[in-house]
Amino acid sequence: MSADLALATQNLKRRGFLDLDVDPTLDLAAEINRLKKERNAVILAHYYQESEIQDIADYIGDSLGLSQQAASTDADIIVFAGVHFMAETAKMLSPQKKVLLPDLKAGCSLADSCPAPVFAKFKEKYPDHVVVSYINCTAELKTLTDICCTSTNARHIIDSIPEDQPIIFAPDVNLGRWLVKETGRDMVLWNGSCMVHEIFSHEKVTKLKIAHPKAAFIAHPECEAHILDMADHVGSTSSLLRFTRESEYQEFIVATEPGILHQMELASPDKTFYPAPPNNTCACNECPHMKRNTMEKLYLCMKYEQPEIILPEWVIEKGVKSIDRMLEISARAGL
Ligand code: 13P
Ligand code: SF4
């Protein structure tokens, strides 16, 4: 091992990634493809990744699709171009495989908003309740969860629970409120939120709608209710993508992380897409966690097979049950 690699490995925990120089003349796409074959690795990427990473991935999808891929792949190594909870989910579903995440600090404000020890205390107040957790939560929270869900299958999951069974929904209060409205179920909600989806500006979206009166306004259910109330269509990333492909509209104002626009533009090159404007002054609505992954970090993590996701055995054994139940219900619903 070179001195540089030894130092980068030593600093891995603190930095989150292998902090090594990459030759700027290297064809990273070609190198990543070569390493993929050499290591029998599969790259799973979320729609919020930068477009170069999406273009090199073996599979691009939403949280449900990514979990289904992680459960069924026959690759030896899963390289997760996404955030920490997604890579943890992949590890829980395929514990015998090596799961790599280009940057361990690619976290999630929703997952952070619900620490497992605090939630465990909260749960004690509702001993008769079933816990449904949005998959955007830590592996440890999944050990306190009965059924996971994603925004693609959340309605099906809630509907699968008997009507007289009370439910706690965690950690996303916005998705929770939307589900209460959609399903008519009165759930106890944990008060967490996504830092990206809660900053869309009602005023700026209204102005954009006036400027583009023929555009459909589409939004992810992690957005706040006042934004969802304005939407022509609400759905997960894959649902939003499908809507832009299949609907008659030619223009769309999109209220979710703008990484999804890459697939929307590829699928419908003649249509026009406007990212919904946020409240903040720098006008940025990119997810800082998702965007921690870069082609350089992806290349380095495949070359040196680290950083790797390691989970305690008890967390995998206990937590995976909530993901398995979600996948079973989804399969029965044809999702
Ligand atoms: P989906 O892609 O499942 O809609 O999730 C969105 C999201 O915020 C992932 O972090
Ligand atoms: Fe988490 Fe929101 Fe980023 Fe998704 S977009 S990873 S929910 S912070």
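With which handedness does α5 pass α6? The crossing of α5 past α6 is right-handed.

## Basis of the model

This is a predicted model in which local features need pLDDT of at least 70, side-chain atom pairs count only at pLDDT 80 or more, and totals for chains, interfaces and linings use all residues. Residues are numbered from 1 along each chain as its sequence is written, and side-chain values use heavy atoms, with hydrogens and water left out.

Helices are DSSP runs of H or I with at least four residues, strands are runs of E with at least two, and both are numbered from the N terminus. Axes are lines fitted to C-alpha atoms, for helices over the stretch in contact, and angles run from 0 to 180 degrees between N-to-C directions. A crossing is right-handed if the near helix is turned clockwise from the far one by less than a right angle, and left-handed if anticlockwise.

Ser-63, Leu-66, Ser-67, Ala-70 and Ala-71 of α5 meet Met-86, Thr-89, Ala-90 and Leu-93 of α6, where contact means heavy atoms within 4.5 Å. By class, this contact of α5 with α6 has 6 nonpolar, 3 polar and no charged residues. Ala, Val, Leu, Ile, Met, Phe, Trp, Tyr, Cys and Pro count as nonpolar, Asp, Glu, Lys and Arg as charged, and the others, Gly among them, as polar.

## Helices α3 and α16

The axes of helix α3 (residues 28-39) and helix α16 (residues 295-304) come within 10 Å and cross at roughly 30°. α3 and α16 are therefore roughly parallel to each other, a term for angles under 35 degrees. The crossing of α3 past α16 is left-handed. Residues in the contact include Leu-28 and Ile-32 of α3 and Met-295 and Tyr-299 of α16. The contact of α3 with α16 holds 8 nonpolar, no polar and 5 charged residues.

## Annotated binding sites

An unreviewed UniProt entry gives the feature "binding site" at Cys-108, Cys-194 and Cys-287; such annotations may be inferred rather than shown by experiment. These residues span 180 residues in sequence, yet no two of their C-alpha atoms are more than 9.3 Å apart, so they gather at one spot. Cys-108 sits in the loop between β4 (98-100) and α7 (109-112).

The UniProt annotation "binding site" (unreviewed entry) also covers other residues, among them His-46, Ser-63 and Tyr-134. Ser-63 belongs to helix α5.

Definitions and conventions:
Chains lettered and ligands numbered in written order. Parallel < 35°, antiparallel > 145°, perpendicular 65-115°, else oblique.
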